[in-house]
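Open the model in your viewer and get ready to select residues by number. This tour tells you what to pick next and what you will find there.

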Amino acid sequence: MSKPSEVPFLSNSDTISYVSSSKLMVLVPNSRLDILQKVSTIYGTNATCVKEDDKSKQYVMVKKACLEDRHVIAIDVGDIQDPDSSKLLPFTELAYDFNYIVSFINEPESILPDYVGWHLNEADSCMLGLCAKALLDDLLRNNYEFCTDFRNFSQSETISEMLEFYQLAPSNHNGMLHCTAKYFGKTPASPAIEYFQEVKKSITMAFETTVIGLVFTPRTFGARLKLSPNQLELWGGDDEQKQVTRESFDSSTEGTSPNKSLQKESDSITSLNSAMTQKLVLNESEKDFGAPIKKKSPRYFPNCQASLVYPTENLSEDPDFHPVTGPGRKAHMTLGIAPGQSAVTTGYDLLEIVELEKMQKEWKTYEVSRGWLRDYGENRWVLYMKNKITVNSLFSGVYNFS
């Protein structure tokens, strides 16, 4: 059982700084008052701690804290042993709606997340989504070959229509982005369980994440990552290509939304253009915290700061067309998917690109303002960026309590 001094968001200075400008909901079992007290001490008025003895008021208190954009919401969930515990569902639904990253501290061994990975806060998710889309817009306007190919596979006429081709997957509800480090599924095998026991000490640890390029295919739009040595220690992803045809793809639940009831709502996938800056807020006239959540127009994120850095100065370095060949070569963030596709497809498209990079072939390459755009045939394109994007992320799990 971890002590407060062993939990990254309560002990690591860089992580504390990052969480202080983000939004984190922490589920704390077994009435660990020492953890709640430490949260209150470190984060002060920017945190809300909800004890189990306030059980009748817990939901109202948590929702109020969400509406106030508190940086940390720590909830005493009492004795939890059932991996399908429905008592946790209301809290994870609130976190999902209000764009909180969720972490379970000291969960029993019977409870495993659906997957673990590096999660961006809502401000950085918005910034990276908009940045990637701006790069796509620039390529469509300034590279005739790319624009022509994109027009053909997207069956779009105008650039505006082409920019609407990719849609947000259900796992990117409200535009929230993440990189999956390990997917467990419904019945994880022993090695997966052992993996989680090894990495759980890093849950709630902040990491700098590097975006090195963008991948465009008729199926997916992805941000390609280069993991740091510390991130590679936590990497448990399957870097091997599966036998997946480009005509059909067997949908997987990897990276799906954490709550089934909310996934149904997300089945009508939101466009990348409209969702990146959406935020759920309470109607100013509503005073009852038990009232339904109202969706309003996009606004800034007053209690959530972006860490994303994308240098604008031109670098003179030569292009690297084999940027990641070893472990972690599948690391990515799904930015969008074509209608009828699944977010899990992005990783397979990236692995396909990695295999094509190994081939001794002269691929058509175009130098563009932000890097080098390479055509790998069959409507597969990669932007190798001159300047890399860095953005902070939080290592955490996603739980499906139903």
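**Stop 1: a link across the chain**

Select Arg329 and Glu240. They form a salt bridge, and their closest N and O atoms are 3.1 Å apart. Now look at where each one sits. Arg329 is in the loop between strand E10 (294-295) and strand E11 (332-337), and Glu240 is in the loop between helix H10 (229-232) and helix H11 (260-266), so the pair ties together parts that are 89 residues apart in sequence. Are the two partners buried or exposed? Arg329 counts as buried, at 13% relative accessibility. Glu240 counts as partly exposed, at 48%.

**Stop 2: zoom out**

Show the whole protein. This is a predicted model. It contains 13 helices and 14 strands. Of its 402 residues, 57% are buried. Consider the contacts with a separation of 6 or more: 78% of them are between residues 24 or more positions apart. The accessible surface is about 17600 Å², and carbon and sulfur atoms account for 48% of that surface.

**Stop 3: two helices that cross**

Select helix H6 (residues 122-142) and helix H7 (residues 144-154). Packed helices are described by the angle between their axes and the distance between the axes. For H6 and H7, the angle is about 105° and the axes are 6 Å apart. The two helices are therefore roughly perpendicular to each other.

Which residues meet? Show side chains for Leu136, Leu139, Leu140 and Asn142 in H6, then for Tyr144, Phe146, Cys147 and Phe150 in H7. By class, this contact has seven nonpolar residues, one polar residue and no charged residues.

**Stop 4**

Select Arg141 and Asp137, which form a salt bridge with the closest N and O atoms 2.8 Å apart. Why is the spacing of this pair worth a look? Arg141 and Asp137 are four residues apart in helix H6, so about one helical turn separates them. An α-helix has 3.6 residues a turn, so residues three or four places apart point the same way. Arg141 counts as exposed, at 52% relative accessibility.

**Stop 5: a bridge between strands**

The structure holds 14 salt bridges. Here is another one to select: the side chains of Glu367 and Lys386 meet at 3.4 Å, N to O. Glu367 is in strand E12 (residues 364-368) and Lys386 is in strand E14 (residues 381-398), so the pair ties together parts 19 residues apart in sequence. Glu367 counts as exposed, at 58% relative accessibility. Lys386 is buried, at 11%. Next, pick Lys23, Asp69 and Glu122: salt bridges with shared partners join these residues into one network.

**Stop 6**

Select helix H4 (residues 58-67). Which of its residues are buried? They are Gln58, Val62, Lys63, Ala65, Cys66 and Leu67. Colour what they pack against: strand E1 (24-29), strand E2 (47-50), strand E3 (72-78) and helix H5 (89-97).

Now pick Thr48, which belongs to strand E2. Thr48 is buried, with a relative accessible area of 13%. Beyond its neighbours within four places in sequence, Thr48 is in contact with Ala65, Arg70, Val72, Ile73 and Ala74.

Move on to Asp69, in the loop between H4 and E3. Its phi is near 55°, a positive value in a residue other than glycine. Asp69 is buried, with a relative accessible area of 6%.

**Stop 7: another positive phi**

Select Gln155, in the loop between H7 and helix H8 (159-163). Gln155 is not a glycine, yet it has a positive phi of about 55°. Is Gln155 buried or exposed? Gln155 is exposed, with a relative accessible area of 73%.

**Stop 8**

Finish at Leu308, in the loop between E10 and E11. Leu308 is buried, with a relative accessible area of 17%. What does Leu308 touch, not counting residues up to four places away in sequence? Show Asp124, Met127, Leu128, Ile389, Thr390 and Val391.

Note on methods. Residues numbered from 1 in each chain as written. Predicted model: local features only at pLDDT ≥ 70, side-chain atom pairs only at ≥ 80, totals over all residues. Heavy atoms only, no water. Buried < 20%, exposed > 50% of the residue type's maximum accessible area, 1.4 Å probe, protein only. Contact = heavy atoms within 4.5 Å. Areas by Shrake-Rupley, 256 points an atom, 1.4 Å probe, with all protein chains shown as cover. Axes fitted to C-alpha atoms, helices over the stretch in contact; angles between N-to-C directions. Parallel < 35°, antiparallel > 145°, perpendicular 65-115°, else oblique. Nonpolar A, V, L, I, M, F, W, Y, C, P; charged D, E, K, R; others polar. Salt bridge = Lys/Arg side-chain N within 4 Å of Asp/Glu carboxyl O.
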